[in-house]
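Look over the sequence and the structure shown below. The paragraphs after them go from the pairing of the chains to single elements.

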Amino acid sequence: MPYGPHTPADRARMLAALGMRSVDELFDDIPASVRAHGLDLPGPEPEQELASRLRELAARNRVDLVSFLGAGVYRHYVPALVDQVVSRGEFATAYTPYQPEISQGTLQTIYEYQSMLAELTGLDVVSASHYDGATATAEAALICLRATGRDRVLVSAAVHPQYQATTHTYLDGTRFAVEPIPTRPDGSTDLDALSRLLADGGRPVAGVVLAQPNVFGVLESMAEASRLAHAAGALFVAVVEPVSLAVLAPPGAYGADIAAGEGQPLGLPLGYGGPYLGILAATTALTRQVPGRLVGRTTDADGRRAFVMTLRAREQDIRRERAASNICTNQALCALTATVYLAAMGPHGLRDAAALGAARARELERALAAAGAPRIHDAPYLNEFAVRVPGAPRIHAALLERGILAGLPLASWFPDDPVLRDGLLVCATEVTRPDEIEAFAAALAGVTAEVAA
Amino acid sequence: MTDLRPAVGPVLQPTLDELSRPGRGVTRVPHPPADALAGIPAEQLRARPPALPEVDEPEAVRHFVNLSHLNFAVDTGFYPLGSCTMKWNPKINEWAARLPGFADLHPLVPDAAAQGTLQLLWELEQWLCEISGMRAVTLQPAAGAQGELTGILMVRAYHRSRGDVERSEIIVPDSSHGTNPATASMAGYRTVTVPSDARGGVDLVALRAALGLRTAALMLTNPSTLGLFEDQVVEILEAVHAVGALAYMDGANFNAVMGTFRPGAAGFDAMHFNTHKTFATPHGGGGPGSGPVAVGERLLPFLPAPRVLREADGSFRLERPGERPASIGRVRSYVGSVGVLVRAYAYLRAHGGSGLREVSEDAVLAANYLRHRLRGTYDIPYDRVCKHEFVASSATLHRETGIRTLDVAKRLIDHGHHPPTIYFPLIVEEAMLIEPTETEALETLDDFADALVTIAAEAHTDPDAVHTAPHTAPVRRLDEATAARQPDLHWRPMTGAEMPCPD
C-alpha cells in the first residue's frame, strides 16, 4: 500500500495486542454469504508510472484552442499567488472547522469571503458556499417556497438551461411547481408574460428567478422584474455572474431578496465542470432559511476576536429531517480561492477585468458582424452575446478543425428554436486578445464561404 | 511596553478590510478603454465601485500564509475525526488535478476535445462498479449528501415507473447521519426512525414493524456510525425487498470494507461514495467533496444525465439531451466535480485492487488497536470487533469528575492532536467517535492513546486544566451564544474616504 506506514512488525504488534493471529479475524462479522475476497482490479501502480498515465490522459484533451466559449463558465486571468495560497496543505487538508480553536485560518477566510460577496451582491447573509451555480439556484427556489409558504416558482427561460434542469430535478419529488417565463425576441425575459403569470390569484407565486446577465448574455430589467415580483408578494431571485458585479448594479440595489450564482469566474479553473462554487446570498430577513454553513465573528474566553460557525440550528446534523437543506460538505476551498482572487485583484483590478471583457466583446461583435454573423438579439449585453450563423453546428465543427472554439452552438440547448438553432453563443473576457478576434472572424468568413461553395 | 508577539508560530490576524488602504494594489490586467461600458444603460450599472479591500501582494500573501498557520490539518497532524476519514491526501493527486490538460478544459467543449477526461471518468466508473458490486455509477453528485438526494430521487422514479405512487416514507436507523433524514425531507418523504438494538445494529423487530407498502426505501450506513458492521445485513435486505422497498447504503464508512464487502453483490440497490473520505481527496476546510452514486439493475434507467459512454470505436462521449428519457435529469451543472474525481482516480490507480483491500485492513486494525488501548480508561459502549472507527464515551469519567467529552476534546488540542468527532452518534451519551485511518504510524496511535489516558488522569487530579482547555491554541473557547444571538456575518462596508475611486 503506497501511503501506509505500517511495517509487518507494526501489524504483528497490533494483532498481538488484540490477541489475534490474522487480520482476517477482524472481518468475521461480515456474513460469509456476502463476504467478498478481493477485487478484480489491476495492481498498484508506482508513482512514476501513474504520473505518466495521468500526463498522457491530460494530453488527450484539447486545451490549445482559441476559445470564445463561456455559457456560464469563464476564462479569466488568475494572479499567480492564488494557487500558491490555495495549495497550502493547512487550508487544503483541514476538515470543516468544528473545532474553532484550531481552525481560525479557515474560519476567518470564510468570514472574509462572506464579507466580500456581501459587498458584491449588496445582500447581508452569504452562505459559506454551495455546490455550484445550478444547485445554488435550486436552493434559492426552495428558500422562496419555505419562506412564503406558497408552492409555485417562476423561472425565466433565459436562465442557464442546466440551472433550470437542476431546479426541476430538485423540485420534482415535492408538491411544488416550477414554471418558465418566456423570453422576447430581443433576448430578454418577457415581463408582460411575467405579470400575467403573477396575476393568477388562485396560485400565488413564491419566487421569481431571472439571471443577470441572462443565458444569452443579455442584460435584463431587473429592477422592474423585482418590482413586479414584490407587488405579487413573491420573492425575487437574481442569478448573477460575480465578476460582472464589479460593474453591474448589485442585486441588493434592485431589491433582490436572494442572489445565486456560479463563483467559478472568481479564480477557479475551468476543470471540465468543477469543483466550482455555488454563491448564495440573501437578505437578513431570510437568514434562518439560508442553507449551509455561516461563519460569524465573536470573542474567546479572553475577549480576543475570533470566528466560529454560527446559527447552526438550520443544519442537518442538528435539525435532521427539519433542516433547511441536507447540505453538509460544501465548497470551502473554492470559496477560499475566490477570497484570495478578490484580494489579489482588488476593486480596480476586478472592475478592469469586467470592463476590458466588455470592450473586447464589442470588438468581437463588430468583427463577427463584418464576417457575416450579426447579433441575434438587440437588448444590451455585457461580454457575451449570440450571433446568427446559418448551419451553426456545422460551422462550429469546421472552425474547431482550424483550432477555434467558436463558442457554444445554441442548437445543443435550444434544438427546436428556429432562430437559436442557427446561433453561436460567444463571449470575450479580459484574456481575449485582438489578434484572436481577427483570427476568429477571418476563419468564420473562410468557412462560411467554403460551406456556401 | 507594547504587546509582544512571536516572530514564528501562530498569531491572530487583522481582516483584509483592516489591512486595506486606498490606492494599494497590483495592476493585474490591462486597463480597459474609457468607453468600455458605453453601450450599457446607466441604470444597469453600479452606482459606486464595490468597496473591496485594497492590499498589495506581500500583504495579501502574508495575510493568508499567517492565517494558514492558525489551522490544524492532515498535513500538520493526527486528525482522528470519526465518520470523516481524515487519511493522508497524497501529493501526486494535487499535481495531477492541476495538469493544464485537465484544469484548463471548458465543460462545454465538444466531446472530441475532451477525450482524456472522458476516458478517465469512464474508467473511474468501471473501478467504482467493481468496488461496489453495482452495475453503473453517476459521477455528478457534488458531495455525499447530494449523492443521497440523487439516490432517493432515483428511488422515487423507480416506484413511480411501476405505478407505485403511495410510498411516502424513508426509514433510517437512529444512529444515522443527519444528512439521511434531511435528504428524505428534501425528496418529499417522511422520515421514520427505527431504534438500534443492544448490540448497536438495527433492531430487526422494529424494522420489520416499520416496513410496509408505505416504505420507499431504507437508508442504512454500513458499517454504521458506531463503527460496527451490520451483521444482520442479509435479513435486513430481505425484509426491505419483501415489501417492495429499496435499500440505499450510505457509503460514508466504506473505508472499512473495500475488497471484503460489495454492497451491490449483497443486494443493496444504491450507494454513494465520499471521495473526500475513502479516496483521499482533500476536505479543503469543508469541501469540495464528491459523491458518486453506484446503482444496481433496478435503478439503472434513472441515473442522472448525462452519463459518459464508450463508443464501439473506443472513443468516449456524453449522453445527448433526452437520450435516456427515464433519467431523473440533472442534479447539478456539467458532469461533476472533475478536479476531485481526477484525484480519486489517481488514488485508486496508485493502490490497485490489492492495495485498496490493504487500506481497509490497516484502517480496521488501527481502530481496533486504539479501542483496545482505551478500554478500561473510557467506556466502550459496544465493545466488540469494530471496523474503521469506534465509539468511546466519557460518561463514567463525567460522573466521577464532572469532566465531559467536550473538555476531553479540547484538552486533546493541548496534547497536539485534533479531537475526535464528539456527541455523535446521538444515541451514545458523551460520545467520542474515533477514526484513526490507515495512514497513521503506530507511534502516533500510541501517542494519541497515551494523551487520552493522561487526560482521564488529569480529570481526577487537575480538572480545572481540562475544563478550561485548550491553553495552547491561538484562541481559547469561543462565545458561541453571542455569535448566534447577535450574528455578525461580514465586516462593515467601508465608507466615505475609504471608498475606492473608479480608476
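**Two chains in contact**

Between the two chains, the contact takes 174 residues from chain B and 170 residues from chain A; two residues are in contact if their C-beta atoms, placed from the backbone, lie within 7 Å. On the side of chain B that touches chain A, the largest share comes from helix α11 (residues 338-374) of chain B, with 22 residues. The residues of that side of chain B divide into 95 nonpolar, 50 polar and 29 charged. Here Ala, Val, Leu, Ile, Met, Phe, Trp, Tyr, Cys and Pro count as nonpolar, Asp, Glu, Lys and Arg as charged, and the others, Gly among them, as polar.

This is a predicted model, in which local features need pLDDT of at least 70 and side-chain atom pairs count only at pLDDT 80 or more, while totals for chains, interfaces and linings use all residues. Residues are numbered from 1 along each chain as its sequence is written, and chains are lettered from A and ligands numbered from 1 in the order in which they are written.

Chain B as a whole comes next. Its secondary structure comes to 16 helices and twelve strands. Helices (H or I, at least four residues) and strands (E, at least two) are DSSP runs, numbered from the N terminus. Along the principal axes, the C-alpha atoms of chain B fill a box of roughly 70 × 70 × 45 Å. A compact globule of 503 residues would have a radius of gyration near 23 Å, and the 26 Å of chain B agrees with this. The radius of gyration is taken over C-alpha atoms, and the globule rule is 2.2 Å times the number of residues to the power 0.38.

How much of chain B is buried? Of its 503 residues, 59% count as buried. A residue is buried if 20 or more other C-beta atoms lie within 10 Å of its own, exposed if 12 or fewer, and partly exposed in between, with C-beta atoms placed from the backbone. Among the contacts in chain B with a separation of 6 or more, residues 24 or more positions apart account for 73%.

Chain B is divided into domain 1 (92-349) and domain 2 (356-485), with bounds that come from an automatic or database domain assignment. The centres of these two domains of chain B, taken over C-alpha atoms, are separated by 30 Å. Their contact takes 19 residues from domain 1 of chain B and 16 residues from domain 2 of chain B. On the side of domain 1 of chain B that touches domain 2 of chain B, eight residues are nonpolar, nine polar and two charged.

One helix of chain B can be followed in detail. Helix α13 (residues 405-414) of chain B is mostly covered, with seven of its ten residues buried. Among these buried residues are T405(B), V408(B) and L412(B). The buried residues of α13(B) pack against β11 (421-422), β12 (431-434), α14 (442-461) and α15 (463-467) of chain B. Just after α13(B), G416(B) takes a positive phi of about 90°.

Now turn to chain A. Chain A is divided into domain 1 (66-75 + 346-452) and domain 2 (80-340), and 28 Å separate the centres of the two, taken over C-alpha atoms. The contact takes 21 residues from domain 1 of chain A and 20 residues from domain 2 of chain A. On the side of domain 1 of chain A that touches domain 2 of chain A, α11 (332-370), β11 (384-388) and β14 (423-427) of chain A each supply at least two residues. The largest share of that side, five residues, comes from α11(A). The residues of that side divide into 15 nonpolar, two polar and four charged.

β11(A) and β14(A) run antiparallel and are joined by five bridges; strands pair if DSSP finds at least two bridges between them. V387(A) has L424(A) as its bridge partner in β14(A). β11(A) is mostly covered, with four of its five residues buried.

Which elements does helix α7 of chain A pack against? α7(A) is mostly covered, with nine of its twelve residues buried, including Y163(A), Y170(A) and L171(A). The buried residues of α7(A) pack against α6 (133-148), β3 (152-156), β4 (177-181) and β6 (235-240) of chain A together with α6 (144-161) of chain B.

Last, D28(A) lies in the loop between α1 (8-18) and α2 (47-59) of chain A. D28(A) is partly exposed, because 13 other C-beta atoms lie within 10 Å.
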